[in-house]
Amino acid sequence: MADKVKLYDIPEEEFLLPGNRMCAGCGLSLIYRTALKALGPNTIITVPASCLTVLHGMQGFTSVDKISVLNTPFATVAASASGIEAALEAMGKDDEVTCVAFAGDGGTTDIGIQGLSGAAERRTNFIYACYDNEAYMNTGVQRSGSTPYGSFTTTTPIYGKTEHKKNMPKILEAHDIPYVATSCASYPLDIYAKFKRAKEIKGTKYIHILSPCPPGWGFSTKDTIKMGKLAVETGFWPLYEIENGKFSLSTPSKRLLDPAKRKPIEEYLSTQKRFNRLSNEDIEEYKRYINQSWEYIKSKNLTTQLL
Amino acid sequence: MTSVEEYQVMTGNHAAANACKGARVQVVAAYPITPQSPVVEKISFFIENGELNARMVRVESEQSALTACVAASATGVRVYTATSSHGLLLMYEILCWAAGNRLPIVMNIAMRSVGAPWSVWTDHQDAFTVRDTGWIQMFCEDNQEIYDTNLQAYRIAEDPSVYVPTFVNYDGYILSHTSMLVKLEPQKKIDEFLPPLKHHLNLGDMNVVMGVCPVTTPDIVKREEGTAPGYYEFRYSLQRSIENSIKKVKEVHDLFAEKFGRSYGNGIYKTYRAEDAEMYIFAVGSVASESRLAIDKLREKGVKIGLISLKLFRPFPTKYLRELFKDAKLIVVFDRDIGYGYEGILCYELKSALYQSKNRPFIKGYIVGLGGRDVNAEDLIDGVYRAIDLEKKNEYSEQTEFIGLKLDELDFLQEVVK
């Protein structure tokens, strides 16, 4: 389990310099800045086609400092990490260098899932981080496997998505890897703690981080933190860790085991333009979906307590 | 003098695996596909047996296989992979990525036809299909040549004037699964010929921070910090390096010949009974091998014909071929591949190369042996005689001709074909 982190535990040293190419209010900028602080300079990151490619800048000029990066085509980020790790092992550097694949939800839940499943099954020693902005944002808000129910996207323009999002952390959990965690851009201490913990563990580590996206979700750029917090506080996006099968809810989500402590989901859905078309039935469906996912969490939590 | 004891009997696939071991590759990533699979099986055995100190990434697809090779190479180690047919096509995207990043990866293609319909047998369609991805490409005719060419391929690909990934191709089954005598060289001698990799990319060096392959704009970018090249400059540099690599291919071949006593023509093409030839067969791989028999029989009949077996297909040795064919009357090209809607790929590449020659020989192309259909000397001889006849009449056929079709035995299909 990740250690409790206080604000002053986070190093002042910056790896993501000011002046990158991200949109104003981008959740990924916050996630990446914090994650890099936890990972430190002895890190090689591999990145597939995504908003993160854009963040890394154009040929010759980058806002990412002190960390080497290998760009790779869309479907291949986990295989790329496998290659880096194999080379580091061949060089005898695998203990001193951390290998990280950092991808979006499309690159993870859709086109990249085969490579990720393969790398996890092979027990590849790397961290796989998925920043989830819940659609193909870099190509202009198209539906992904991680887009939530009812959400407008440019490829679900009238009715919204008719399915719930793919539960990727659950799929990775089924791979029996030593560490699976969820996090959210609004909780930098949580992000820092989880990357720090993942770095200490050998084997495949998976961290799935919700990343609010102002242009894609349709909210004001000043509300990024608020949106992420609402996702967590309504119980839509539970924060947890599973280390060697041991499940634990993270602090912001712990008290939400009690449904009465969860904020109404309407607060989350009504503040984003992508959910404009939701009917009352759709909102009821959301309530059912959230209850169901918490039933699962309860069962996990209980099993862990009994262990 | 070498004694028979120094030779071992092995398949083409095992010759490739042994070359891999000799080259001391550090990372291998591959996915099984017929007829390539025994290469990877043998390398796995070498690694688990402790004979080869390398990491094997047993990936879940060919796309991942080549991606892992790309990433491992960029991290700074010598890598190897092998595939065939559909596996190669699943790698297509990453073939371009490997070349664009200038990674000295060596890959064997155990050549096989491409579906549909399903076929696991040899032809050269897979290898020719990836000719425009930016790799150096060489063809082999026997198992010793596979072993030797692989060793040369690393030295060529890793040369600082080159840094281009390299294919070494051999026919599925005909070489991949056929046992021949192969002389394996002592490790010390190989090490002298092939020094450790000195890479231009080394992500594994933590003292150097690198961003490999970011988004690159159409135009160059000028800023206070410096000027960054555009995509166009990168791709120009790739083309120039591939063009210039022909010198290195020849030089490495000659060095190899000097050290190990085996040579393959001039390293670019091999000739057979070509000294006084007035006409030639032009082919690669298994078709070139079979052509040797055809040439012997044609020579018995007094036809002054020789073979040019092309070894180096990319870069296409235009200058060499113009010189070679400067007095040729007729060239018969047998393609075990086809550029659908046009003609055999090797044939039109040769035509294009000789278009600006002072002497433009008559070139007649045939398609042979797709999907493993047997290519026999008699069929090739027929093709040569018909070509001689056409050349005399200066008659070009509009349609691509296939040798060895059995339409006569398929009554129902004949109507369709007509």
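The exercises below work through chains A and B of a predicted model.

**Exercise 1. The overall build of chain B**

Task: Work out how many helices and strands chain B has, and how its radius of gyration stands against the globule rule.

Solution: 
- Step 1. Take the secondary structure. Chain B holds 14 helices and 18 strands.
- Step 2. Take the radius of gyration. For chain B it is 22 Å, and the globule rule gives 22 Å for 418 residues, so chain B is as compact as a globular protein of that length.
- Step 3. The C-alpha trace of chain B spans about 70 × 60 × 45 Å along its principal axes.
- Step 4. Check burial. Of the 418 residues in chain B, 52% count as buried.
- Step 5. Check the contacts. Among those in chain B with a separation of 6 or more, 77% join residues 24 or more positions apart.

**Exercise 2. Helix α1 of chain B**

Task: Decide whether helix α1 of chain B is largely enclosed or largely open.

Solution: 
- Step 1. Set the limits. Helix α1 of chain B covers residues 12-22.
- Step 2. Apply the cut-off. A residue is buried if 20 or more other C-beta atoms lie within 10 Å of its own.
- Step 3. Look along the helix. The buried residues of α1(B) include Gly12(B), His14(B), Cys20(B), Lys21(B) and Gly22(B).
- Step 4. Conclude. In α1(B), 11 of the 11 residues are buried, so the helix is largely enclosed by the rest of the structure.

**Exercise 3. The surroundings of Leu90(B)**

Task: Classify Leu90(B) as buried, partly exposed or exposed, then find its contacts beyond four places in sequence.

Solution: 
- Step 1. Leu90(B) lies in helix α4 of chain B, residues 85-90.
- Step 2. Count and classify. Leu90(B) has 18 other C-beta atoms within 10 Å. Buried needs 20 or more, and exposed needs 12 or fewer. Leu90(B) is therefore partly exposed.
- Step 3. List the contacts. With neighbours within four places in sequence left aside, Leu90(B) touches Ser61(B), Glu62(B) and Gln63(B).
- Step 4. Compare sequence with space. Glu62(B) and Leu90(B) are 28 residues apart in sequence, with 6.1 Å between their C-alpha atoms.

**Exercise 4. Where chain A meets chain B**

Task: Describe the side of chain A that touches chain B, and find the strand pairing between the chains.

Solution: 
- Step 1. Count both sides. 38 residues of chain A are in contact with 43 residues of chain B.
- Step 2. Name the elements. On chain A, β1 (43-47), β2 (68-71), α3 (77-91) and α5 (113-121) each supply at least two residues.
- Step 3. Find the main contributor. The largest share, 11 residues, comes from α3(A).
- Step 4. Sort by class. This side of chain A has 16 nonpolar, 18 polar and 4 charged residues.
- Step 5. Find the pairing. β2(A) pairs with strand β9 of chain B, residues 211-212, in the parallel sense over 2 bridges. Leu70(A) has Val212(B) as its bridge partner.

**Exercise 5. The two domains of chain B**

Solution: 
- Step 1. Count contacts. 24 residues of domain 1 of chain B are in contact with 20 residues of domain 2.
- Step 2. Name the elements. β6(B) gives the largest share, 4 residues.
- Step 3. Sort by class. This side of domain 1 has 12 nonpolar, 8 polar and 4 charged residues.

Conventions. Residues numbered from 1 in each chain as written. Chains lettered and ligands numbered in written order. Predicted model: local features only at pLDDT ≥ 70, side-chain atom pairs only at ≥ 80, totals over all residues. Rg over C-alpha atoms; globule rule 2.2 N^0.38 Å. Contact = placed C-beta atoms within 7 Å. Nonpolar A, V, L, I, M, F, W, Y, C, P; charged D, E, K, R; others polar. Pairing = 2+ DSSP bridges.
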